[in-house]
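Thank you all for making the time this morning.

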Amino acid sequence: MTQTTDISPAPSADRRSWLREHSELGVCVLLLALGVLVLTDALTMDVDITQRGPVGPKTVPIVVGIGLLVIAALLAVDVLRGGRGQAETGEDVDLSEPADWRTVLLLAGVFLGTAVLIEPLGFPIAGALLFWGAAFALGSRSVDRDPLIASVLSLVTYAVFNNLLGVPLPGGPLMGVL
């Protein structure tokens, strides 16, 4: 007499397999949580009615929160219907080459230097050093053009944020001049 053994996967194995095949649902959960967080923060924001214009400070966070929820729902529907994300092909990146750690470390140093220098030097000077340092780290070696472009870019950024948008940035020693 022969016995046949039915080898069927355990229910937990089926569940793990299903989750592995629908791993994009993790992104949906993240987007959902982020949307709920943004909406909760926006709706509990304390705003004085006399301080706001026709479009108050709650408008953009509410729109972004609703957008996150809609994208989470649409992505979940797509994943549950069998949609899959494409694997990264590295089309313009040579995956056989090692990472360029020199550039990464230079950029990290420039960002950290800007964070340290922005208060004592002010945004116009620290921003110019940031833009110039980033250009140098990414390979630009034009010593006559890069500092000029970095200075103009920093001053324009300072003027836009400080004067037009009303976001105060530290002026540093140039505060009396600007």
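**Helix packing**

H2 and H3 are roughly antiparallel to each other, a term used here for angles over 145 degrees. Before I go on, please note that this is a predicted model, in which local features need pLDDT of at least 70, side-chain atom pairs count only at pLDDT 80 or more, and totals for chains, interfaces and linings use all residues. Residues are numbered from 1 along each chain as its sequence is written, and side-chain values use heavy atoms, with hydrogens and water left out.

Helix H2 covers residues 25-43 and helix H3 residues 59-80, and they pack at about 160 degrees with their axes 8 Å apart, the helices being DSSP runs of H or I with at least four residues, numbered from the N terminus. The axes are lines fitted to C-alpha atoms over the stretch in contact, and the angles run from 0 to 180 degrees between N-to-C directions. Contact, by which I mean heavy atoms within 4.5 Å, involves residues including Leu31, Leu32 and Val36 in H2 and Ile62, Leu69 and Ala72 in H3. By class, this contact has 22 nonpolar, 2 polar and no charged residues, where Ala, Val, Leu, Ile, Met, Phe, Trp, Tyr, Cys and Pro count as nonpolar, Asp, Glu, Lys and Arg as charged, and the others, Gly among them, as polar.

What sits over the ring of Phe136? The charged end of Arg141 does, 3.8 Å from the ring centre, the criterion being NZ of Lys or CZ of Arg within 6 Å of the centre and within 35 degrees of the ring normal.

Finally, H5 also packs with helix H6 (residues 146-164), at about 135 degrees and with axes 8 Å apart. The contact includes Phe131 and Trp132 of H5 and Leu155 and Tyr158 of H6, and by class it has 11 nonpolar, 4 polar and 1 charged residues.

Technical notes
Helices (H or I, at least four residues) and strands (E, at least two) are DSSP runs, numbered from the N terminus. Angles under 35 degrees count as roughly parallel, over 145 as roughly antiparallel, 65 to 115 as roughly perpendicular and the rest as oblique.
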